Amino acid sequence: MSRLTHAAATMHTLSLAAMEEASRFGVRDTDIDHLLLALTIDSETGGQTLRAMGVSLEAARAAVAAQHASQLGLVGIATDPDSPGRIVFHETSGYEWTDRAITVLKDASSGERRGDSAAVLRALVDEPSGLIDQILRRLDADPDTLRTRLDEVQRLRLIAPSPAGDQNLSGSRSVFVPAPIEDVWALLSAPARIPEWDQGIAAVDADDETSGSWEAETATTLPDGKPMQVKDEFRRQRVHLAQREEPTSIQWLFTHPDAARSNPRSVAFALEHAAGGMQLRVTLTWLTPPSRGGRRIVRVLMKPLFRFVLFIQLTQLESGIIRVFR
């Protein structure tokens, strides 16, 4: 993955998580404190460095709420720390970065900085308002120590795994989930709970969880309630359990039995313990038949677009899973 592509992927992932955190507070202006919260669940160097210093998502949320209450107290407004609600970003719209958050994101890709999560965190710690410095001190995370650790890993470059195979369209990403591996396994291994993390599935008829294959209903509305146009032959799906090894790996296969020429979709998960939660690798594969002649040329030409769509689908799956535990 090129530096530019890696930076774009990082910005997309952090933007999604930060705006989800903002939505818990009922605000549309996504600021630097929301970006810090997003970094606590980052799977790459930035998130790893924070968690190694004892900064978890829950602790950071409490510190941010306490800092907001303290700032209001300085102007004579007495209030308890904020009690955010659930994440509603996927059901709403109109979210934007504040000017100072945009400046941080730009600084993370300037000069020698690569635009990865470590660079974003480094720019965030250097942000001149002092907000992040104060929040970190509430977390007993010394900003100068954090700067030193980030400088030590500045040259590290995490490269996403290459897609598997030349024929099938496949991609894989690793994410951090702030929950015990047992809880994540319980979510991902239950066919009835697939709609919780896959917004393309409205319901799964999983009365018999031992059958290995279940009837599923394709979603016809977006999370915000807006209708989606779904052709009749794609309204029904079959969900197949392709592989299961408790509690470390599971693979689901989705097919459209009424659409003879549709491509099956495989979603595989690999789980492992990590400090403060667990590490999850998600692999999404669209199984495509061999192509010949003109179709092969078209597929090659369209590959960059297909890769981008695949990346968006992967981030939607990741967001759906992490949101359950946030």
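**Close-up views of a predicted model**

**View 1. A nonpolar patch on the surface.** L72, L74, V75 and I77 together form a nonpolar surface patch with about 400 Å² of accessible area. Areas come from the Shrake-Rupley method with a 1.4 Å probe. I77 is in the loop between α4 (57–74) and β2 (96–97); helices (H or I, at least four residues) and strands (E, at least two) are DSSP runs, numbered from the N terminus. At 42% relative accessibility, I77 counts as partly exposed, a class between buried (under 20%) and exposed (over 50%).

This is a predicted model, where local features need pLDDT of at least 70 and side-chain atom pairs count only at pLDDT 80 or more, while totals for chains, interfaces and linings use all residues. Residues are numbered from 1 along each chain as its sequence is written, and side-chain values use heavy atoms, leaving out hydrogens and water.

**View 2. Helix α3 and its arginine.** Look here for α3 (residues 45–52), in which 6 of 8 residues are buried. Among them are L50 and R51. The charged end of R51 sits over the ring of F176, 3.6 Å from its centre; this label requires NZ of Lys or CZ of Arg within 6 Å of the ring centre and within 35 degrees of the ring normal. After the helix comes G54, with a positive phi near 85 degrees.

**View 3. An edge-to-face aromatic pair.** The structure has 3 aromatic pairs, meaning Phe, Tyr or Trp rings (for Trp, the six-membered one) with centres within 6.5 Å. W197 and F269 have ring centres 5.1 Å apart and planes at 90 degrees, so they meet edge-to-face (over 60 degrees; under 30 is stacked, the rest tilted). Because W197 belongs to helix α10 (residues 194–197) and F269 to strand β8 (residues 265–274), the pair ties together parts 72 residues apart in sequence. Both residues are buried.

**View 4. Strand β9 and its partners.** With 7 of its 10 residues buried, β9 (residues 277–286) is largely enclosed by the rest of the structure. Strands pair if DSSP finds at least two bridges between them. β9 runs antiparallel to β3 (residues 169–177), joined by 9 bridges, and pairs with β8 in the antiparallel sense over 10 bridges. L280 of β9 stands opposite V175 and is also the bridge partner of L271. β8 and β9 form a hairpin with 2 residues between them, and G276 in the turn has a positive phi of about 80 degrees.

Technical notes: Buried means under 20% relative accessible area, exposed over 50%, partly exposed in between (1.4 Å probe, protein chains only). Patches are made of residues with over 30% relative accessible area and no salt bridge: like charges are joined within 9 Å, nonpolar side chains (Val, Leu, Ile, Met, Phe, Trp, Tyr) within 5 Å. A salt bridge is a side-chain nitrogen of Lys or Arg within 4 Å of a carboxyl oxygen of Asp or Glu.
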